[in-house]
Amino acid sequence: MTVAGERERGVWRALRADRMAMAGLAIIAIVVAMALAAPLLFPLDPLDSVGRPLIAPFETWRHPLGTDRLGRDLAAGVFHGAQVSLAIGALAALLAVGIGVLAGATAGYYRGWIDEALMRVVEAFQTVPSFVLALALVAVLGPSISSSIIAVALSTWTQSARLVRAEYLSLGQRDFVRACRALGMRDGAIMFRHILPNALPPVIALATLTMAIAILVESALAFLGLGDPNRVSWGAMIGSGRALLRTAWYVSAVPGVAIALTVLGITMFGEGLNAALDPRRMRRS
Amino acid sequence: MNRVATLLRRRLAQAVPTLLIVLTGNFLLIRLAPGDVVDTLMISQGGGDPATAAALRAEYGLDQPWPVQLALFLWKSLRFDLGFSYFYSERVATLVFDRLPITLVLMGTAMGVALAIGGTLGALAAQRAGGRRDVAILAFGLVCYALPSFWIGLMLIVLFAVKLQWLPVGGVATMGSGLAGIAHGLDVARHLVLPVATLALFFVGVYMRVMRAAMIEVFTQDFVRTARAKGLSERQVAFRHVARHAMLPLATMLGLHAATALGGSVVVESMFSVPGVGRLAFDAVMQRDVNTLLGIVYVSALVVIAVNFLVDVAYAWIDPRIGEG
């Protein structure tokens, strides 16, 4: 374990030196804090109206970011929306990477026709526009948090499948894998207990970047009115401000800034992580 | 021409299984959806007796075991019999193909603009990687990538259509203007500025980064040193020699990005009321019109395969080594 500990310290040191990654981490910390503080700062349901409709931002201290057409507090929406965006983003990314690891590991470990068949499936998923697929899934499953998660995961898993497959193809040739086989270990144990830890670093970085994409896809679904109707979300807030662009454009502008900052923060951190975990890729990006 | 024929054959051999998987996925989604065609039909006609329903199910083959149904579905899809949309009272194939051209124009223009701007920015950034200009361009690319495109679209509407009133809010042509010829073309172009900009922004970020990375890699190759030794200026080296080689990875990604752009056109078209396939997809979701939606999935897969094939042909044309043997 000391070797692994050493490597983690190295990664952390590289991250600390990376100003972009640290800025990203700071943004993530702020958004997580907003999500956690939401029920304390805004104990009322953010979907209830609490004041005069269409107060502009910075007009009154009671509603610092203003209110929308129905007198719902925008600040409360932004804080509570952070919960939904982060939760859906994280769970969808986790599910996407989970599917990707399973499919990629199986394809890369067994090779041959299994690999061929799984890669055809990956290709099919990449041939269909992922957002159209997400729409179709939400249409069939009905709009809810869980169908958003499934739709977003199924439209983003292919990248991690390809990455994991490539890692397994190269790691599968190493001596330690041959040694495991010679010891008579079962395939499952070799794949997940011995190869996976070695394949994981780039996957973790990709999972972070997948989460950023997942938040974008989820907000686009919610913007079109296909999110969970009972939960406030940034995308849905932007969508509800669409009809007011001529008179009160800030209703759409405010939650958009929240999405942009969150995605920016996660992407910056994910890229720093990618560089720190794999020094060879440092100069690219 | 022989090389192109070889390529076409190879692409087809890959495309057929891919398409079959896509169609099987569609079939599964239809089975997952609550109710079947006959239910929809009965509801749209205000109900009916069970005997008629059973007769209709037999007619559509819905009383057959599922492998037979799947085979029937695949066979129909391959003949572009994509079923009927009861919401639009129109064949799905007609609906989709009527709306495809405007979407392809929107997509093609957006990708072209993104390639030009993103490629140039990436090349400028790579010239002095790590310099101040590089950092500024990188930051811009990151912002392009992170901004939700639907939000940028709305903000562009606020700025250019509502505040400045330079550009129209939506649609593809001024209603009842009676414009024709060049005037009509200019009118359409004016309407497409904002949708194209919205769709292109994300890809500007992507292409900029890919171009920059590829250029940095090419800069380390021997022929660049030769070019410099010949006494060419840095600008000539960068744009005549390095950029040309760095363009290839951009082209490879076009097929993949065609899929992303088709997805993005759903949001952009519904925002700017462009009557294309994306808008159709959005309306179909709203109406729970699964037939139309799955028809769109199928046709978009065909478009992506076609783009991939065109990229291959372009490659073979640029690089004579490809496609031989």
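A residue counts as buried when its relative accessible area is under 20%, as exposed when that area is over 50%, and as partly exposed in between. In this predicted model, B:Phe202 has a relative accessibility of 22% and therefore counts as partly exposed. By the same cut-off, B:Tyr145 is buried, because its relative accessible area is 16%.

B:Phe202 and B:Tyr145 form an aromatic pair that is stacked, with 5.5 Å from centre to centre and 25° between the planes. The pair links distant parts of the chain: B:Tyr145 belongs to helix 6 (residues 132-146) of chain B and B:Phe202 to helix 8 of chain B, 57 residues apart. Together with B:Phe203 and B:Tyr207, these two residues form one aromatic cluster. The ring of B:Tyr145 also has the charged end of B:Arg209 over it, 5.9 Å from the ring centre.

Over all chains, 11 aromatic pairs were found. One of them joins A:Phe42 and A:Phe79; the ring centres are 5.3 Å apart and the planes lie at 55°, so this pair is tilted. A:Phe42 lies in the loop between helix 2 (19-41) and helix 3 (74-110) of chain A, whereas A:Phe79 lies in helix 3 itself, 37 residues apart. Both A:Phe42 and A:Phe79 are buried.

The largest nonpolar core contains 158 residues, of which A:Phe131, A:Leu135, A:Leu224, B:Phe150 and B:Met215 touch the most other members. Helix 8 of chain B supplies the largest share of this core, 17 residues. A second, separate core of 17 residues includes A:Cys180, A:Ile195, A:Leu196 and A:Leu206. The contacts of A:Leu224 involve both chains, including A:Phe131 and A:Leu135 as well as B:Val266, B:Phe282 and B:Met286.

Of its 37 residues, 26 are buried, so helix 9 of chain A is largely enclosed by the rest of the structure. After the helix comes A:Gly225, with a positive phi near 90°.

In chain B, B:Ala173 occupies the loop between helix 7 (149-163) and helix 8 (181-219). This residue is partly exposed, with a relative accessible area of 28%. Among its contacts are B:His184 and B:His191.

Technical notes
Residues numbered from 1 in each chain as written. Chains lettered and ligands numbered in written order. Predicted model: local features only at pLDDT ≥ 70, side-chain atom pairs only at ≥ 80, totals over all residues. Heavy atoms only, no water. Buried < 20%, exposed > 50% of the residue type's maximum accessible area, 1.4 Å probe, protein only. Helix = DSSP H or I, 4+ residues; strand = E, 2+ residues; numbered from the N terminus. Contact = heavy atoms within 4.5 Å. Core = buried A, V, L, I, M, F, W, Y, C linked by side-chain atoms within 4.5 Å. Phe/Tyr/Trp six-rings, centres within 6.5 Å; stacked < 30°, edge-to-face > 60°. Lys NZ or Arg CZ within 6 Å of the ring centre and 35° of its normal. Lists of a residue's contacts leave out its neighbours within four places in sequence.
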